[in-house]
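Please read these notes with the structure open beside you.

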Amino acid sequence: MESVNLVDFHCHLDLFPNHLELLRECEELGIKTLTVTNAPRVWRQNQLFAKDCQHVRVALGLHPQLAHAYASELYLFEKYLPEARYIGEVGLDGAPEYADSLDIQRKVFRKILDLSAQSGGKVLTIHSRRAAREVIELIGTHLPPSKGKTVLHWFTGSTKEALLAVETGCYFSVNIKMLTSPQKIKLIELIPQDKILTESDGPFIKTGKSIMSPKDIGKAIEKLASIWSMDETSAAIIVRNNLKKLLS
């Protein structure tokens, strides 16, 4: 399997100590990589680092876990939005430790969806931990497929919620943690193959002692190929074609 067919649609390159080295690596290996940001203030610098990259794109984000700290930067988000095709990481986090910030998370996420719809043509990578149904319903209300495209990153919702997301027009980016979980494998088997992308979510995922980065996406493809009962090259081509369709 050639690395030129690989897709990492959600990672945090700027959180790696060697992020410039990883940018070069993605370019040399031809890995289609979306590096997300957690606050609008860091998007410009990341965009400058990747400005000459053919295979790496930078998403403009405001992470839900940081919404309480960076909601005041929505003006910066709105300022940079015309220059950014990709949006993320954005969304909602309903875990107990973020319950106190859910109201501000909702305000920020609705605003981002509305701004994206007004601008048109944006591609969003979306966090939905313990808030899947609400996230999907907000997407359906504020960002119909004619106004933008949405990818649910590391989806942890139920089967019913996954099928609702498919009906809403969402794609899914899956990582090695999902692809080695029996519960999530059952869910992935139900999602149409043409709605699946791969992600590393590096540096937040490890395999053994190794932190996942874009060059490790082959491990996700290997697992996906097994789930789909096909060879790895065929699975990689499906994912790459899904990316082309998402961006068309």
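1. Find Lys 195 and Tyr 171. The charged end of Lys 195 sits over the ring of Tyr 171, 4.5 Å from the ring's centre. The rule asks that NZ of Lys or CZ of Arg be within 6 Å of the ring centre and within 35 degrees of the ring normal.

2. Know your source. This is a predicted model, where local features need pLDDT of at least 70 and side-chain atom pairs count only at pLDDT 80 or more, while totals for chains, interfaces and linings use all residues. Residues are numbered from 1 along each chain as its sequence is written, and side-chain values use heavy atoms, with hydrogens and water left out.

3. How many aromatic pairs are there? The count is 3. Rings of Phe, Tyr and Trp (its six-membered ring) pair if their centres lie within 6.5 Å; planes under 30 degrees apart are stacked, over 60 edge-to-face, and the rest tilted. One of the pairs is Trp 43 with Tyr 80, which is tilted, at 5.3 Å centre to centre and 35° between the planes. Trp 43 is in helix α2 (residues 43-49) and Tyr 80 in helix α4 (residues 74-80), so this pair ties together parts 37 residues apart in sequence. Helices here are DSSP runs (H or I, at least four residues), as are strands (E, at least two), numbered from the N terminus.

4. Trp 43 has 0% relative accessibility and counts as buried. Tyr 80, at 9%, counts as buried too. Buried means under 20% relative accessible area, exposed over 50%, partly exposed in between (1.4 Å probe, protein chains only).

5. Phe 155 and Phe 172 form an edge-to-face pair, 5.4 Å centre to centre with 90° between the planes. Phe 155 lies in the loop between β6 (148-153) and α7 (159-168), and Phe 172 in strand β7 (residues 171-174), so the pair links parts 17 residues apart in sequence. Both Phe 155 and Phe 172 are buried.

6. Now trace the sheet. Its 5 strands run in the order β4-β5-β6-β7-β8, open, with parallel pairing. Two strands pair if DSSP finds at least two bridges between them. Which strands stand at the edges? They are β4 (86-91) and β8 (196-198); each has a single partner strand, so one side of each is left without a neighbour in the sheet.

7. Look inside the sheet. Strand β5 (residues 122-127) pairs with β6 in the parallel sense over 5 bridges. Ile 126 has Leu 152 in β6 as its bridge partner.
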